[in-house]
Amino acid sequence: TDEVLKYNGNANKKLNIAVVGGGLVGSLEALYLAKRGHQVKLYEYREDIRNTPLARGRSINLALSIRGRRALKDVGLEDQMINQHGIPMRARMIHRPDSSTYAMPYDARTNQCIYSVGRNYLNSILLKESENLDNVERYFNHKLIKSNFKDGSLTFMKMDTKETIQVNADLIIGADGAFSTVRKEMMKQPLFNFSQQYIEHGYLELCIPAGKDGGFQMPPNYLHIWPRGNFMMIALPNQDCSWTVTLFMPFKNFKNIDSERKLMDFFTNYFQDAIPLIGEKKLIEDFFSGSPSALVAIKCRPYHVCDKALLIGDAAHAVVPFYGQGMNAGFEDCTELDKLFQKYNDDVTSVLEEFTNTRWRDAFAISDLAMYNYIEMRDLVTRPSYRLRKTVDDF
Ligand code: FAD
């Protein structure tokens with residue numbers, strides 16, 4: 001249905017559901033479940049994101065695509081997110097080494113585009129929306145330390161007092177990210193398959209501030225890319241007219257840049273046009289005040305245990321960020337799950353079984369596409385298509 005979901009107090013059986021992880025996917029899933037009439041308890045390890053500045057090392061903004069929009073529409077937040085906050089990115093803007101640029105539209109035919117959205121803002125509106133529903137309770141500073149899929153019990157440590165508490169749920173949903181504690185418990189189950197792959201490239205976030213006039217220093221409706229073969233830099237626009245700039249590069253290259261001179265030589269050689277935009281002083285400060293973060297892809301299967309536990313979002317399928325689809329795929333998990341709750345009239349056993357049996361194909365596919373798209377973005381995007389096949393084969 002294209003309709004916004006209405007509160008469904010008449011769901012077949014009201015379940016007491018614990019959603020572990022109040023990040024993007026967990027807080028969206030809490031809304032979907034609550035709108036079906038279930039009793040939801042949302043447990044988040046960190047403080048309420050609305051009261052804390054964003055920790056460095058997690059992307060500040062993200063590209064929201066049609067998958068994510070669909071989910072936001074279902075819970076009535078698409079308009080607020082897209083029209084009041086999202087910045088449309090209609091094309092890639094490629095920056096050549098000689099500082100010249102050219103645009104590559106994402107969809108010249110129907111004019112579809114992706115949107116740059118703030119992680120904090122999106123997470124905040126999802127949490128805020130849950131406050132409008134009586135059947136969602138939020139518990140921040142609660143870190144899951146143990147779970148039991150036989151009786152549905154969960155043990156949390158309260159981060160402020162270090163006290164441990166035990167609660168019970170009919171269903172445990174693990175939306176606790178790439179290093180999921182719920183998944184660790186699942187790994188003890190027979191026939192649970194799991195793989196993780198770290199790539200040899202890391203990423204570091206830098207920033208192009210707003211211009212002196214308070215406006216954008218680059219044309220805003222683009223995802224800017226500086227493809228440089230084995231590494232690349234990208235920039236996504238923010239609401240305050242700044243840009244979040246992300247440098248993706250092999251860890252060994254990051255390590256070699258160990259002095260201000262080497263950093264400035266590197267930028268002069270490869271990203272000359274970005275130096276005045278970031279500002280030399282700020283570039284040096286930001287580069288040396290952080291360290292590059294790792295990127296991991298995780299695949300696992302099945303996603304559930306009996307009628308007691310389920311993994312969604314990065315907990316089920318963390319992907320490298322080069323396709324801009326990690327959050328979008330996690331949001332789509334919530335949409336697909338809701339369709340199954342509807343199809344099976346909230347019969348959890350059937351819902352979880354079908355989710356596992358069907359969802360993994362798309363999750364594995366997006367993971368492989370994301371791995372491939374790194375080569376596309378940092379290198380192939382600059383080459384004529386007849387050379388592509390050979391380059392991919394060589395990789
Ligand atoms: P998370 O965002 O990791 O949230 C998990 C939550 O669980 C956290 O709040 C955490 O504190 C909590 N938690 C963890 N352990 C526990 C515990 N034991 N107890 C209780 N709570 C716990 N995706 C896109 O779609 N588009 C993009 O453009 C994009 N860009 C990206 C750029 C970068 C550099 C990176 C690294 C990722 C990017 N992604 C993007 C991917 C996106 O960030 C993730 O897919 C998304 O954050 C997954 O959401 P999640 O809620 O599943 O996990």
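The model is predicted. The sheet is open and has six strands, with mixed pairing. Helix α1 packs on that sheet. Elsewhere in this account, helices α2 and α11 pack at an angle of about 45°.

**The sheet**
- The strand order is β8-β2-β1-β12-β20-β19.
- β8 (136-139) and β19 (304-305) stand at the edges. Each has a single partner strand, so one side of each lacks a neighbour in the sheet.
- V305 stands opposite A309 of β20.

**Helix α1 on the sheet**
- Helix α1 spans residues 24-35. It touches β1 (16-20), β2 (39-43), β8 and β12 (171-174).
- The direction of α1 makes about 170° with that of β2.

**Helices α2 and α11**
- Two packed helices are described by the angle between their axes and the distance between the axes.
- α2 covers residues 66-74, and α11 covers residues 326-343. Their axes lie 7 Å apart.
- The angle of about 45° makes α2 oblique to α11.
- The crossing of α2 past α11 is left-handed.
- From α2, the contact uses R67, G68, R70, A71 and D74.
- From α11, the contact uses M327, N328, A329, F331, E332, C334, T335 and D338.
- By type, the residues of this α2 and α11 contact are five nonpolar, three polar and five charged.

Conventions. Residues numbered from 1 in each chain as written. Predicted model: local features only at pLDDT ≥ 70, side-chain atom pairs only at ≥ 80, totals over all residues. Pairing = 2+ DSSP bridges. Helix = DSSP H or I, 4+ residues; strand = E, 2+ residues; numbered from the N terminus. Contact = placed C-beta atoms within 7 Å. Axes fitted to C-alpha atoms, helices over the stretch in contact; angles between N-to-C directions. Parallel < 35°, antiparallel > 145°, perpendicular 65-115°, else oblique. Left-handed = near helix turned anticlockwise from the far one by under 90°. Nonpolar A, V, L, I, M, F, W, Y, C, P; charged D, E, K, R; others polar.
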